[in-house]
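Let's walk through a protein model together, one step at a time.

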Amino acid sequence: MSHKILIVDDEPNIVVPIQFLMEQNGYSTMTAASGEEAIEIIPKFFPDLILLDIMLPGMDGFEVCEIIRLNPDWRAIKIIFLTAKGREADKARGLVLGADAYISKPFSNARVVNKVRELLSPPENQI
Amino acid sequence: MTPKNRFWIFAGLSILATNLILLGAVVMFLRDLTSEESAVLIQIISNHAGYLFVGVILIIAAQGLVLDAIFHNYIIPLSKIADETVLINSVNPSHRIKVEGGGDIKQLVQAINDGADRYEDLFRNVRQKINRARAEADNEKNIMAVFMSELPQGVLICNAEGRILLYNRRAGDFLSGSGDWSETEPGGREKLVGLGRSIFDVVDRNLIRHALNEIDEKLKQNETDIVSLFVIAGHDKTIRVETVPILDQARRFKGFLLILFDITNELESENRVGFILQELIRDIRSSIAGVRSAVEAILEYPEMEERRRKCFNEIIHKETLSLSETVNRVAGEYYDHFKTQWPLTPMPDYGLLQMIARRIREKLEIAVDIDSAEETRWVKVDSYSMTMAVLFLLNELKKETGAAHFSCTILPAGRFVNFDFSWRGDPVKTDALRKWKSKMIMIRNEGLPLSIRDVAGHHSAEIWCFVSRESGLPCVRLSLPVSESETTGIRRNITILPQSKMEFYDFDLFDQPGRISELDDSLLTDLTYTVFDTETTGLDPKTDEIIAIGAVRIVNGNLLRNEIFDHLVDPRRDVPIDSIRIHGVKPDMLEGKPTIDKVLPLFHQFAEGTVMVAHNAAFDMRMLEEKEAETGIRFINPVLDTLLLAAVVHSVHERHDIETLAERLGINVTARHTALGDAISTGETLLKLIPLLAAKGIGTLKEARAASRKTLYAKLKY
């Protein structure tokens, strides 16, 4: 069974290539354009990993991350922040909130794919 | 007991004693007579009782007349002489005694006056020498004063208790907006900077305490860099404060120096640049992310379907467009920001043209005539670089076309002012102008590391060539934007050297303990006074209103002419003609002035913590009290009255009005019957009265008030 990935970003110009990338790598995907939408989708879609932007309209990425981590059923969900906020402080905050990785924009596609693959595979199968 | 009473008691007692002796002699004489002799004597007396009675009355009357003559010719004059001699010896050496009296008295007066002449000569001599020496010291002081007042920083020196000993105007501006009370707008509580006032009124006590603790630590550690920094919000400004301790030789803490820097612009600038930069980074990150991701996908999956590739291409195109837009926007913002940092000074257009014309004549030796618009507009320029740019251009023009004469005209054109330089001769070619515009400015050996284009850019100005339609003459036009503000924001105070008094410092305050609490036992010489006067529409406190309040502060025996309060007040009623004759304030001068409920709180604050002084204070205080219900302002300050104090000092003199008093004490009355003028005269009177009171054993505020209460005039209550 393929892993499921939720992409949360309000910029379609980012969402489209990333979604393509993930599908090419054999993952099934869904997208959400806001934090609220993401929270709604999670219980239905139950993703294994979320690619999460920080600057979203309304609820921001940090808040979404916090909500996910507070729910014990969602503990297994991996979270990667993908964001234009590149300051050290933001990165630190993201990791403290329980994110598994923090990738600042612009990024190379290979890096995202590798990170996703690393987080979703058992350690012994790591590439 | 007054001298008058003393004399009459003495006279009465002596007459009584004389008459008792006479009576005794008569009784003895009667006892010595035989019965026949006394019968004869009684017979004689009863036959001539009328004569005897008249005789006795005449004797008593004669005694009375003699005594009265002695009283008026000797006793009263002597008292006056005694008082006035004290005057000569203390506060007014040019006072001369003018007393009518007996011949001896006149001789005595003459002798004292002669002595006073000699004393005054000597006094004047010494004074002159002192003044000469002081003038030199003052000169140096004034240089320091000018230096201090022109410093871009605010400077404040305080003693260990936080009382202000010295401040410059800038410090006043930073902390209270205006150091000048006559300019203060009524309404709202102003923070006050003034000599002898507490620094804690204007700067949070905790901040200073923290700074001093920090300094104390550093002193203990023997650190060399003993300064503590904090930032406060001043009057519409952000101020960085540096605190430096002042120590005596034994390294004991005597006070502290505060240096105030206005960092408002710096902060704004830093914040602005920071903000622009952050926004730029965020936008670029976001756009590049889309582009990169799309490009990498295309490269990695060359066999992707056409529809998808097209979609990715569109993403790339859109994001690069948005990137270009971002770069343009940020560049514009940054340029605007940079421009506001460039020091351009406002000046009138005609002034700029005159300056340029003069330099053309001097430097290029070309004849110029000027024609100007009637209305003056202001432009913001760096006059040196702008003049050089125009000069350089005209010089190149002269070389190219041989023009030997320029006509300059100023033409307003909407938000721009055009400076046109036209000449008779060939027009200049556009490509030549373009070449000159980008060359470094250089005229003979004087040059700038800038081109005309740079200078024009800094000024948001345009320079181009054309041939005028009206005159047919070729013309170079400099087009400068009109500046909205005419002020530079920097105020300079012209200080005239030897005469100017530097009253904003008083180092004698260094060693004074906090004194507001124990005012009553304070010496009169140590107190801080607010000497004030009111002008009113009339003399009835019930119906008349205040139209002016003037006040001046006395700190440490110095009348501070810089720290004044001077406000006209709208009385909200008519001003009677009779009163105008006295105070000279016409009703139209009061139009638009604040009402008493606005002015009184300001005055209350001005007088806070001081002793209030007025001439005939009972009246002025009564006028203020009348307003208590309306304004809720109560003056609980101790009050002294120069009228009463004068009566204490000179009990034999009858007149104590301001003019007579001032003349007696040798004070020049300058602006009589303006509130401020009278307040200043009253203040000077108080300063002269204090040593005279001390000579009478009245040293403290408590004693002065007790003595005032006893004088006759105190019965005059409003």
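Predicted model: local features only at pLDDT ≥ 70, side-chain atom pairs only at ≥ 80, totals over all residues.

Residues are numbered from 1 along each chain as its sequence is written, chains are lettered from A and ligands numbered from 1 in the order in which they are written, and side-chain values use heavy atoms, leaving out hydrogens and water.

How confident is the predictor? pLDDT is its confidence in each residue, from 0 to 100. Chain B has a mean pLDDT of 81, with 89% of its residues at 70 or more. Over residues 487-504 of chain B, however, the pLDDT is below 50. Residues 508-517 of chain B also stay under 50.

Now look at the architecture. Chain B has 20 helices and 19 strands; these are DSSP runs numbered from the N terminus, with helices (H or I) of at least four residues and strands (E) of at least two. Of the 718 residues in chain B, 43% are buried, where buried means under 20% relative accessible area, exposed means over 50%, and partly exposed lies in between (1.4 Å probe, protein chains only).

Helix 4 of chain B, residues 103-150, shows you some of that interior: its buried residues include B:Ile105, B:Val109, B:Ala116 and B:Met148. The buried residues of helix 4 pack against helix 3 (49-89), strand 1 (154-159), strand 2 (164-167) and helix 5 (169-176) of chain B.

For a contrast, visit helix 1 of chain B (residues 3-32), where B:Leu13 sits. B:Leu13 is exposed, with a relative accessible area of 54%.

Finally, find where the chains meet. In chain B, 21 residues are in contact (heavy atoms within 4.5 Å) with 21 residues of chain A. About 1800 Å² is buried between the two chains; buried area is the accessible area (1.4 Å probe) that two parts lose on being put together, summed over both. B:Arg285, B:Ser293 and B:Tyr301 supply 30% of the area that chain B buries against chain A, more than any other three residues.

How values were computed. pLDDT = per-residue confidence, 0-100.
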